[in-house]
Amino acid sequence: MQEDFRLIVDLVSVLAVAACGGLLAALLRQPVLLGYLLGGMVVGPTGLGLIKELIQVETLAQFGVAFLLFALGVEFSFAELKKVRGIALGGGGLQITLTIAVTVLVCGLTGAWGTLPAKGVFLGAILSLSSTAVVLKCLMERNETETPHGQVMLGILVVQDLALGLMLAVLPALHQPGEAIGIAVLTALVRIGLFAAGAVIAGKWLIPPLLRMLARTESRELFSLGVVALCLGIALLTEYLGLSIEMGAFVAGLMISEVEYADQTLTYVEPLRDIFASLFFASIGMLIDPVFLWKNLELILGLVALVFISKSLIITPLVKLFRYPLKTALIAGLGLAQIGEFSFVLASEGQKLGLVSRHIYLLILGTTAVTLILTPFVLRLVPIIFDWLESMPWLKPYFSSEGKPLEVADELPMKDHIVVCGYGRVGNNLVKLLQQHNLPVVVIDQSESRIQQLREAGVPYVYGNCVSFHVLETAMIGQAKGMAIALPDPMSIRLSLKRALELSPDLDVVVRATSDKNIEVLYQLGAREVVQPEFEASLEMATYILNAVGLSSILVQREMQQIRNRHYLDLRPEQSASQVSRHLRQATQDLNSRWYPLPDGSPLIGMSLEEADMRYLTGVSLMAIRRTSGEEIDYPDAATKLEKGDRLLVVGSDEELAALDEFALGRAAVPGDNSACQWVTVSADCPVLGKNLADLDIRQQFAVQVQAMRRDGKFIRFPNGKMELQAQDQLLLCGSLSSLNQLEQLLAPSTSLSIPVVKAAEAEGLRDYLPLDNLRD
């Protein structure tokens, strides 16, 4: 009874410290995984010693790994696995073999271990494993499990987990003659083969009817119980066969992934997965000895650096060898460069068999722990590093193949179609509704299972990432009539919106906001309409009830539309200015943003944002304004006027930011390859002063359009031809650079005019208006 109570105390202690550590990490905007690990260190035997017996906690923690891999198997269907089978089987197998071979070679050359190759093979096996739990957790937090690099990493990790059973079978035979090792390997392969055959049979004929029977009971309890029993039962079967529990849980998930109840299963298992996963990561933290780490800090940091560099150098070329883009290969190499948590199991077994001393065991343990702690930071920094690398012109060609579509439907509509990003539940329903009105549609998605659904339904598709310029261009975004973004990941939503508008500034884009905090960000980036599902459900329910109690349907609809026009402000929770500002900084981290000081003599000073129209003319999106008084205006509206000394938080590509710099100075800004826009102030000695725009016929004669005029503080969009030019008029002219230069010298002549300008004016019948005494060669 006392032992049972001790287990309860230990369990409560671990869950409490994991919750506290995760909360602290979240408040510090760090991965919650780090909080779990540190929490385990605090209460473990080498920390405060609140938990002295780890066996019971570790047993419970194994459920966490089992549920993690079970959920992965449910999401990672056979169709997905088939897509990366080459890199998974070939690349994963080669990675393990090369890591072991390199380790044996290094040990032999350095004499690190006297007996070779047994101890070198053992160490190589430990180093070859990466962390399925940590990498999977990081990918899920960033919604990257279905990205190309996510699929590659998970494919390799699956093979590593399968190899763990083989390694455990071979480990006791390392001290035996070569024949014993061969027999151990052969026995393990036979067991794996038998298990795989049984899994295929069960997945095809036993699992589907069992789940259908559970579903017909309409009892959530029974369904959850049956699924958990199935998961853990198969996991225990693999353990009994001498393979790993993790392998069994993953295969159990794979068997369910092809059944119609896969989504329902995942919904029920996810809460259990998250709770037990926190136990697992905390239990890893308990194994870390902070005193030993501190005493051997230099050696362990050196080993950590060696592990990261060597594993990256092995994995990156292998992924590239299988014809994946360089960027995907580098992300996979960096993301899998740690030592996995299952290496603890191998290291513990190796210590029992006498393959390593206690000191070496602790070094392996410490190095593994540090690599696990660093992995979330590495995966978080990778996108920032690549943004920086891609900004360098001399490196850009090496990444140019990244993001190209993996597959394109045979026939795509060429113009006036609707592009739908994401074919989840929302995207699927949206496509059905559009097709009911016979509207041409192109769907972009990067999930193999969803692309298969599109193939079967005969819907035109582009298999790739909506964030990629190559994919958007393949979907003919420039000729599209509109675009709907229904992605689940806020970062991908922002990037795809920004890049779609870079390719087609006039595109009508409607976006699904995953959170109320993202609504203003998306509008500021250029979305024409932002839909928040929870708010829309509230509005529709309110509409029904108000109509049912007798209110006028016209008045109710008008009221609901006003709420939408106010960007759901009536429904959104109030936030302090600091909270809004903090979220804005977080939202623009993944975009190319910077604070731009508005030049003192800029013609934009005194204009409203609607008048300046910076996003259309230069491509940049204005997110915030910081006044000289210290006031900050986040998400400024169209009526906000620009003032002298303003600093603008703008988002855009390097080319767009350069265009903004030119535009703000009144020079020509070039948002595209063949067009430019420029503000020109009509001077008092302009030779065509008093002429109206129709007489000058600037558009016909110079191939330049007068897009706007500013006179006496009044802004006029597309002024009519009857308006006469007056001194100090500001004209927004758009056309080719050469035409703009000629027209600028005509409207705001310098001390002398060049002969080409005179000839151009003569050709247009304007010679009489030129001051020829200012002619220069």
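Angles between axes are classed as roughly parallel under 35 degrees, roughly antiparallel over 145, roughly perpendicular from 65 to 115, and oblique for the rest. The model treated here is predicted, so that local features need pLDDT of at least 70 and side-chain atom pairs count only at pLDDT 80 or more, while totals for chains, interfaces and linings use all residues. Residues are numbered from 1 along each chain as its sequence is written, and side-chain values use heavy atoms, with hydrogens and water left out.

**Exercise 1. Determine how helix H10 is oriented relative to helix H12, and which residues meet there.**

Solution. Helices (H or I, at least four residues) and strands (E, at least two) are DSSP runs numbered from the N terminus. Two packed helices are described by the angle between their axes and the distance between the axes. Axes are lines fitted to C-alpha atoms, for helices over the stretch in contact, and angles run from 0 to 180 degrees between N-to-C directions. The axes of H10 (residues 220–240) and H12 (residues 262–287) come within 10 Å and cross at roughly 75°; the two helices are therefore roughly perpendicular to each other. In contact terms (heavy atoms within 4.5 Å), Arg-220, Phe-223, Ser-224, Val-227 and Val-228 of H10 meet Gln-264, Thr-265, Tyr-268, Val-269 and Leu-272 of H12. By class, this contact has six nonpolar, three polar and one charged residues, where Ala, Val, Leu, Ile, Met, Phe, Trp, Tyr, Cys and Pro count as nonpolar, Asp, Glu, Lys and Arg as charged, and the others, Gly among them, as polar.

**Exercise 2. Describe the largest cavity and its lining.**

Solution. Rolling a probe the size of a water molecule over the atoms shows where empty space is left. On a 1 Å grid over the protein atoms alone, a cavity is a set of points where a 1.4 Å probe fits but cannot get out, and lining residues have an atom within 4 Å of a point. Grid points are joined across faces, edges and corners, and a volume is the space filled by probe spheres set on the points. The count comes to one cavity of 30 Å³ or more, and about 50 Å³ of space lies in the largest cavity. Its lining consists of Leu-287, Ile-288, Asp-289, Phe-292, Leu-293, Leu-362, Leu-365, Gly-366 and Ala-369, which divide into seven nonpolar, one polar and one charged. Helix H13 (290–295) and helix H17 (358–390) each supply at least two lining residues, and H17 gives the most, with four.

**Exercise 3. Decide whether Thr-316 and Tyr-568 are buried or exposed, and place each in its element.**

Solution. Buried means under 20% relative accessible area, exposed over 50%, and partly exposed in between (1.4 Å probe, protein chains only). Thr-316 lies in helix H14 (residues 297–321) and is buried because its relative accessible area is 12%; apart from residues up to four places away in sequence, Thr-316 touches Ala-329, Leu-330 and Gly-333. Tyr-568 belongs to the loop between helix H24 (553–565) and helix H25 (577–587), and at 0% relative accessibility Tyr-568 counts as buried.

**Exercise 4. State what phi Tyr-568 and Met-476 have.**

Solution. Most residues other than glycine have a negative phi.

Technical notes. 1 Å grid on protein atoms, 1.4 Å probe; cavity = no way out; pocket = protein on both sides within 12 Å on 5 of 7 lines; lining within 4 Å.
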